[in-house]
Amino acid sequence: MQELSIRAGGAAGDGIASVGEAFSRSLSRMGLNLFGLNAYQSVIRGGHVWFQARASDAPVHSQGDRVDLLYALDRQTVEVHAPLLAPGGIVVFDPEKFSVAEGDLPKGVDAFPVPTLQLARKYTTQPILQNAAGIGATAFLAGIPLETVQKVLADSFGKKKGEIADWNLGASGDGYRYAEQHHAPSPHAVRPSGPAKLLLTGNEAIALGAAAAGVKFLAQYPMTPASSVMHWMAAHSHDLGIVVKQAEDELAAINMAIGASYAGVRSMTATSGGGFALMVEALGMAGMTETPLVVVEAQRAGPSTGLPTKTEQGDLNLMLGAGQGEFPRAILAPSNALEAYRAAVEAVRLAEAWQTPILLASDLHLSENYMTIDRSEVSFDVPIPSLYQVEANGNDYKRYLYTPSGVSPRALPGQPGLQFIAGSDEHDEKGHLISDVRSGLPHWVAERTKMMDKRMHKLDGLRHDAPPVLVEGAANPSLTLLAWGSTVGAVRDAMVQLTAAGIPTRLVYPRTVYPLDTATLVPLLTGPEPKLLVEANFSGQLGRLLRSETSIDLPDKLLKYDGEPFYPTEIVAKVREVLNRVRK
Amino acid sequence: MSESSVQAAAPVGTPLPLIGKSDTKPTWCPGCGDYGVIAAIEMAVKRLKLPSHTVVLVSGIGCSSNLPHFLSSYGFHAIHGRALPVAEGIRWGNHGLTVIATGGDGDGYGIGAGHLVHAMRRNVDLTYVTMNNQIYGLTTGQASPTSMLGQKTKSTPTGVIENPIDPVSLALASGATYIARGFSGDVKQLADLVAGAITHKGFAFVDTMSPCVTYNKINTFDFFRQRVYKLEAAGHDPTNLVTAWERSLEWGEKIPTGLFYRAERPTYEELEEVLSAGPLVGQPAGLKGRESLLDEFL
């Protein structure tokens, strides 16, 4: 098995994201699986940013725990990240900018000075070109062929050829050859491993899945880490015929999406927790008017403005309880880019099938980081049924007809003879208000109950129609882990380490966090082995939901709310701790 | 023709029902100004011979926002303050539909004011008719954004101390392209204004003084009857932005009604390139055959 992690760090404005993407794309084009972590702060310039690209020919589920190559654009990067370097690790830096003494680095780690500024000066005095030389030098150490990294750089300039593109190619080649002449490759250097893989962020996967499932309208207000859903959709708006509306606020965004959906267009909005908090009232309106809607909730660390560029799974309670009163909803929580693509397809289908809002829970860790997918795993062959389901038949059309499933035939405005009012007030089968002059009268009291029952009955259908619980790992585990969303990635990597250490574990992962498939979960979580709940929030929100739905209490929890993603070793350590305690 | 263009799909010569009253009777107080407004909307839509299934009435919450229930068209009775974003979404989903948003002063100028400004600057091609009674009626008589200075209400027992919003000058500043004030005591004029608003290409706004007979004892039918005069009769040129501004500032002994301003400007729907291929609802969806899209991720 080959595995390599490259980390690059510097100040905001140093171009770290571009450097990280160049490494990531080079490695994914070599056919390696990859996880690319983009760690940044909520500032445009200044501050410390870093990017980690972890590649392997085995599955890669998280940023991992190890750094093999560190490309440091400033002294702070060495101070912050050098402790993570494993023996055999190499720090690439420019001695013209700062020095690295042997005592600064862990044992067995090598400092490799590369005159990136000097190499770049051959072409221009613009300091940003130093990155091309640094990328070239690091690529050599990583085992990335020069032509691969140069093609990635050339592609990043797109059709904008010219001297800047030429300088980048020249400087990267010079850096590459400098390293070749002055240093041996990393002991973890990788080799090409197969056909190029798709490299995309969770948000790109969500946008792609939504488009594949027939979404034609997106209304959104910018908010990290959800904005790139809109960026991808906007970039493809004309090409794919998708209307993308940047709304004046999140209130408008969700209401516009509901309006477009009522008109018969598959519609979506995306936001983070703060924006979702504003959408809450309209979410209930989608439930009440039985208007299909997909809402992407890309969580970030809260509360309030919180840590805008850091990850958390702290909004599950909000998503579960969003809206006054009760209405059916489902919450899908994919763990990686491929699942995000599929979850978006499913969310659109479920919203239409059950005529109710479907939430797609992401978080910064999934939404903004890079993951690879085999091209063959993405299919655009998604059924998109016509929404013209009913035709006028006399004057008896009932938009909110009582049915066994709770789903009523939906007419679209523009269809003759099927006029109805979609009402946010309680209404009868025809959509007539029962909220004012009829409210409280015996017949209408009973109708209200029937209408609530009809809507809420959709939950039973959703429970069976939404993506099922995934179970991975050992059939007879020493310990069972329960996790959801992007946290599952680090859990999967931790399980690999635990298996290697002779500790068989099992993952129980409800891809649909709500409604919980309790019939499946209960037998999985009541075996004799210890259980560990892993969540990126303070209170263990999935654990609380599980307890309220099943009375199962998972006392052992690994909860993290520092804004940073889980690292596999943290989970391994906690599993060992629980097992050691139980064995005593 | 795709099934999406339903509203145009009826064979020529087939009589399609025009808008009329629904089987739900209005629940407004006897003498409420909103009766005049619904009569004017019904007259205007009938006059334009728009079949009822091609019209969508969208409202928020408040006494006046119950209006869609009382007519036979499609309707969306949304939550408080959000009639306009819902209406915009409907237009963008199917711009073959005639979309008329209605609601009160609290709904449009209070909780929904942010949306009003943006819908106007976008010049979305829809009609917005407000029933402005300068009071919160459904919640039994609190001050509204258009309550006059000094007015005593349940929430302002010693009198309103905030300057009222002037919807007409707000609309002028925001970029609406058809700006009128109606009075529910003059249904004929109001119907003309609404018909003009519906036929206008762009955001058409009819702020309608629609007295609340129960909770506003100041801005009554008589209050307006004594003060209103018609801009048209006064020789106002609605294409003149400067004089439109001057007239919009008149509020006191004389209150102008009629069309303040009208301009031609491309609508949002005309400028949104995706909609040039026809109503979104009828356009092909999905990515079948677009596998090359994945190349960008390689």
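Modeller: B:R121 sits in helix α5 of chain B, which covers residues 113–122. Keep in mind that this is a predicted model. Setting aside neighbours within four places in sequence, B:R121 has B:S174 and B:G175 as contacts. There's also B:T267, 146 residues away along the chain, whose C-alpha atom is 9.9 Å from that of B:R121.

Now zoom out to chain B. Its secondary structure amounts to 10 helices and 10 strands. Of the chain B contacts with a separation of 6 or more, 70% are between residues 24 or more positions apart. Buried residues account for 53% of the 298 in chain B. Along the principal axes, its C-alpha trace spans about 70 × 45 × 40 Å.

Next, the contact with the partner: chain A puts in 59 residues and chain B 53. On the chain A side, the elements giving two or more residues include α7 (202–212), α8 (227–240), α10 and β15 (421–423). Helix α9(A) has the largest share of that side, with 9 residues. Sorted by class, the chain A side holds 34 nonpolar, 14 polar and 11 charged residues. The two chains also pair strand to strand: β15(A) and β2 of chain B (residues 74–77) run parallel, joined by 3 bridges. In that pairing, A:I421 faces B:G75 in β2(B).

Staying in chain A, have a look at helix α14, residues 442–465. Its 24 residues reach 36 Å from the first C-alpha to the last, close to the 34 Å expected at 1.5 Å a residue. Which residues of α14(A) are buried? They are A:K454, A:R455, A:K458, A:G461 and A:L462. As a rule, an α-helix has 3.6 residues a turn, so residues three or four places apart point the same way. The buried residues of α14(A) pack against α10 (273–289), β12 (330–332) and α12 (337–354) of chain A.

Further along chain A there's an open sheet of 5 strands, ordered β16-β18-β17-β20-β21, with mixed pairing. β16(A) (469–473) and β21(A) (557–559) are the edge strands; each has a single partner, so one side of each has no neighbour in the sheet. From one strand to the next, the twist averages 20°. β16(A) runs antiparallel to β18(A) (505–510), with 5 bridges between them, and A:V471 stands opposite A:V508 in β18(A). Two helices go with this sheet. Helix α17(A) (541–550) lies across β20(A) (531–535) and β21(A), at about 130° to β20(A). Helix α18(A) (568–583) packs on the sheet as well, touching β17(A) (479–483), β18(A), β20(A) and β21(A), and its direction makes about 150° with that of β20(A).

Terms used. Residues numbered from 1 in each chain as written. Chains lettered and ligands numbered in written order. Predicted model: local features only at pLDDT ≥ 70, side-chain atom pairs only at ≥ 80, totals over all residues. Pairing = 2+ DSSP bridges. Helix = DSSP H or I, 4+ residues; strand = E, 2+ residues; numbered from the N terminus. Axes fitted to C-alpha atoms, helices over the stretch in contact; angles between N-to-C directions. Contact = placed C-beta atoms within 7 Å. Buried ≥ 20, exposed ≤ 12 C-beta atoms within 10 Å, placed from the backbone. Expected span 1.5 Å × (residues − 1). Nonpolar A, V, L, I, M, F, W, Y, C, P; charged D, E, K, R; others polar.
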